[in-house]
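Here are a few exercises to work through with the model open in your viewer. Try each task before reading its solution.

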Amino acid sequence: LTGGLLYRTHLELLELLMLLGFASAQLCTNALGGWLATIVHHDDEARLSSWTWASSFAGNGLMAVLAGELVRAFPLRIAAVLLGVIVFVPTAIFLLMPSPPPDRRLARESFSKFFAEVLAVIRRREVLIALALFASPCASFALTNTLGGFGNNFHASPRFVSLIGGAGLSLAGIFGSLIFTPFAKLLPLRPLYLAIGAAGAAFTAALLLLHHTPATFGVAMVGENIFQALAYTGITAIAFETIGRNNPLAATQYSLFNAASLVPIIYMQIIDGRAYSRGGVAGSFLADASLSVLACILLGLLLYLLRRRSSNTLQTAA
């Protein structure tokens, strides 16, 4: 962050710094996710996931405000250093968290053995189910990444779009993350994830009934982000539950889940864009909602069949 601000006019160096910064952020996120999964108690997984995402949305909003204010209030060099310090200081809390000892066995083994164990993890049924959930369009809510460009279609001014895209989305993300915990007490995590996807798809479809006004644009932006925050929180909670405690490959497994959750955002943006080119905003909303509902139905049927098969197996064994 600091280097990117200081060398913003050197494009090649800026690209390299941005690449390294993003890669470092992803590595840190995956390592922290795997770390948290191994130390959190099972009963606290949903709550930790809620507060993790609420803090993330709050931090993103705060940094968006601070970045602009510090750059305006101080010389660029001072502002860049201050922003870097603000990002780094919260990591001091890691020193207070319990840390599992390093797995010496994995450090001594060959890479072939390590990759064999990774493949063994992927073959676990609960891991495959989680990957299928996350890679599906059920609860991707990719519209949140394109709605900001639909402002003109709803006659929304650039200032209104900026306001909703800033403070509005941060508050929506925090709210969506925090209301996940009460819902997690009502349903198991995987059916809850499907319910979030189905409810979000119904919300998207309902937007088709509203007129294209700035108010509708605000409702769409905030609502879609609330559902996306719920979905992200559900993904993290399912990841924590699936990884479990004392898992030497926790960070690797968490990174797989994180990567899988990004897949539908990529292809759904392409699909939503194609639908927009043919049917405008209505076409994009309809395509997104339809595919989400279809995926939720198919995955719900899969979970039902797997649960029924497990019950029959237990009855036979008894």
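Predicted model: local features only at pLDDT ≥ 70, side-chain atom pairs only at ≥ 80, totals over all residues.

**Exercise 1. Work out how the axes of helix α7 and helix α10 cross, and which residues make the contact.**

Solution. 

- Step 1: take α7 as residues 125–135 and α10 as residues 189–206; their axes come within 11 Å and cross at roughly 10 degrees.
- Step 2: name the arrangement. Angles under 35 degrees count as roughly parallel, so α7 is roughly parallel to α10.
- Step 3: On the α7 side you'll find Glu 126, Ile 129, Leu 133 and Phe 134, while α10 brings Arg 190, Tyr 193 and Leu 194.
- Step 4: sort them by type. This contact of α7 with α10 has 5 nonpolar residues and 2 charged ones, with no polar residues.

**Exercise 2. Search the whole structure for any disulfide and describe what you find.**

Solution. 

- Step 1: A disulfide covalently bonds the sulfur atoms of two cysteines.
- Step 2: run the search, and the whole structure gives you 1 disulfide.
- Step 3: identify the partners. They're Cys 138 and Cys 296, with their sulfur atoms 2.4 Å apart.
- Step 4: get the handedness. The angle about the S-S bond is 85 degrees, and the link of Cys 138 and Cys 296 is right-handed.
- Step 5: see what gets tied together. The pair links distant parts of the chain, 158 residues apart: Cys 138 lies in the loop between α7 and α8 (158–178), and Cys 296 in helix α12.
- Step 6: compare with the burial cut-off of under 20%. Cys 138 is buried at 1% relative accessible area, and Cys 296 is buried too, at 7%.
- Step 7: With 39% relative accessible area, Cys 28 is partly exposed.

**Exercise 3. Describe the surroundings of Thr 216.**

Solution. 

- Step 1: find the helix. Thr 216 belongs to α11, residues 214–243.
- Step 2: read off the accessibility. At 8%, Thr 216 is buried.
- Step 3: ignore residues up to four places away in sequence, and Thr 216 touches Phe 154, Leu 210 and His 211.

**Exercise 4. Zoom out: how many helices and strands does the protein have, and does its radius of gyration agree or disagree with a compact globule?**

Solution. 

- Step 1: count the elements. There are 12 helices and 0 strands.
- Step 2: take the extents. The C-alpha trace spans about 65 × 50 × 35 Å along its principal axes.
- Step 3: For 318 residues a compact globule would have a radius of gyration near 20 Å; the protein has 22 Å, so the two agree.
- Step 4: look at the interior. Buried residues make up 39% of the 318 residues.
- Step 5: check the contact range. Of the contacts with a separation of 6 or more, 80% are between residues 24 or more positions apart.

Terms used: Residues numbered from 1 in each chain as written. Heavy atoms only, no water. Axes fitted to C-alpha atoms, helices over the stretch in contact; angles between N-to-C directions. Helix = DSSP H or I, 4+ residues; strand = E, 2+ residues; numbered from the N terminus. Parallel < 35°, antiparallel > 145°, perpendicular 65-115°, else oblique. Contact = heavy atoms within 4.5 Å. Nonpolar A, V, L, I, M, F, W, Y, C, P; charged D, E, K, R; others polar. Disulfide = S-S within 2.5 Å. Buried < 20%, exposed > 50% of the residue type's maximum accessible area, 1.4 Å probe, protein only. Rg over C-alpha atoms; globule rule 2.2 N^0.38 Å.
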